[in-house]
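The following paragraphs lead the reader through one protein model, from its overall form to single residues. Please keep the sequence and the structure in view while reading.

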Amino acid sequence: MSLRTEVILEGEQLTKYFGGAPALKDVSFGVARGEILGLIGPNGAGKTTLLNLVSGIHRPSAGRVVFQGRDVTGLRPHSIARRGVARVLQTPRPFLSMTVQENVAVGALFAGRDRVPDTSTAREQAESILRFMGLHDKRNLPVGSLTLQEKKILELARALAMRPEVVLIDEAMSGLNPAEIEDSMRLIRRVSDELRVTIIWVEHVMKAIMGVAQRVMVLNYGRVIATGSPHEVARDEAVIEAYLGRGG
């Protein structure tokens, strides 16, 4: 798929200190509309911190976040979400007292740029999204009856109910078996291709990120050490060293 050239989201020299140590230092990036940008790096590299800055969970110590040409640095998470940037957390956090459909309807009612006016419309929208995501037959079940993979899909479905322009995904594949990983890879491709949603995706499962992302950015010790196609990044000496260390 050819990428559109319009940059929809940018980070400019983003820096974040916790105490005296920088979790991120001078990180700049841009993601094109319709692109899947993979974000990888060793544990502690700053990947989740970067998502937290973009989504408003943390305010950067320096630098700024620009979404659709507007500076959104330091806005509260709900404000950023309503502008069109949705977040999918690594550990699913569904509303356990609600059904699958009700969980997705919450996104349509309360968080999106085009919030629906009533619960019946929200339920209809939730049904449509659940059908697309393959969970429609479980729409009336309690969330506790879902498998881990289904709960992760539900988290993504709730984010999509917000009608976002950009979705930030944090380790969608963690805890899944190989068959579930393949299914989830296909689903993320469909979300990008058919719903035209831009995705920034943190992932440790290299098979998934290299097989789905069009471009990959690598962080190590809070700094960008490589950016390029999956093939280019996989052959980059700095990336190899960050993951494997120097040869003895």
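Among contacts in the protein between residues at least 6 apart in sequence, 67% join residues at least 24 apart, a contact being a pair with heavy atoms within 4.5 Å. The model is a predicted one, in which local features need pLDDT of at least 70 and side-chain atom pairs count only at pLDDT 80 or more, while totals for chains, interfaces and linings use all residues. Residues are numbered from 1 along each chain as its sequence is written, and side-chain values use heavy atoms, with hydrogens and water left out.

The overall dimensions come next. The C-alpha atoms fill a box of roughly 60 × 40 × 40 Å along the principal axes. The radius of gyration of the protein is 18 Å, which agrees with the value near 18 Å for a compact globule of 248 residues; this radius is taken over C-alpha atoms, and the globule rule is 2.2 Å times the number of residues to the power 0.38. Of the 248 residues, 52% count as buried. Here buried means under 20% relative accessible area, exposed means over 50%, and partly exposed lies in between (1.4 Å probe, protein chains only). The protein exposes about 11800 Å², of which carbon and sulfur atoms supply 49%; accessible areas come from the Shrake-Rupley method with a 1.4 Å probe, and for residues only the protein chains shown count as cover.

The chain is organised into 9 helices and 10 strands. Four of the strands form an open sheet in the order S2-S1-S4-S5, with antiparallel pairing. S2 and strand S5 (70–71) stand at the edges with a single partner strand each, so one side of each is left without a neighbour in the sheet. Within this sheet, strand S1 (residues 7–18) and S2 pair in the antiparallel sense over 8 bridges; two strands pair if DSSP finds at least two bridges between them. Lys16 stands opposite Leu24 in S2.

S6 and strand S7 (residues 166–170) are joined in the parallel sense over 4 bridges, and Val85 has Val166 as its bridge partner in S7. Both faces of S6 are covered: Val85 and Arg87 on one side, and Ala86 and Val88 on the other, are all buried.

What surrounds a buried residue in a loop can be seen at Val143. This residue is found in the loop between helix H4 (119–133) and helix H5 (148–160), and it counts as buried because its relative accessibility is 0%.

A search of the whole structure finds 13 salt bridges, each being a side-chain nitrogen of Lys or Arg within 4 Å of a carboxyl oxygen of Asp or Glu. One of them joins Glu35 and Arg215, whose closest N and O atoms are 2.6 Å apart. This pair links distant parts of the chain, 180 residues apart: Glu35 is in the loop between strand S2 (21–32) and strand S3 (36–40), and Arg215 is in strand S9 (residues 215–220). Glu35 counts as buried at 1% relative accessibility, whereas Arg215 is partly exposed, with a relative accessible area of 22%.

Glu155 and Arg158 form a salt bridge with closest N and O atoms 2.8 Å apart. Both residues lie in helix H5, 3 residues apart, about one turn of the helix. Glu155 counts as buried at 6% relative accessibility, and Arg158 counts as buried at 14%. The side chains of Asp71 and Arg64 also meet in a salt bridge (3.6 Å, N to O); Asp71 is partly exposed at 44% relative accessibility, and Arg64 is partly exposed at 34%.

Ile240 is placed in helix H9 (residues 237–244) and counts as partly exposed at 37% relative accessibility.

Methods
Helices (H or I, at least four residues) and strands (E, at least two) are DSSP runs, numbered from the N terminus.
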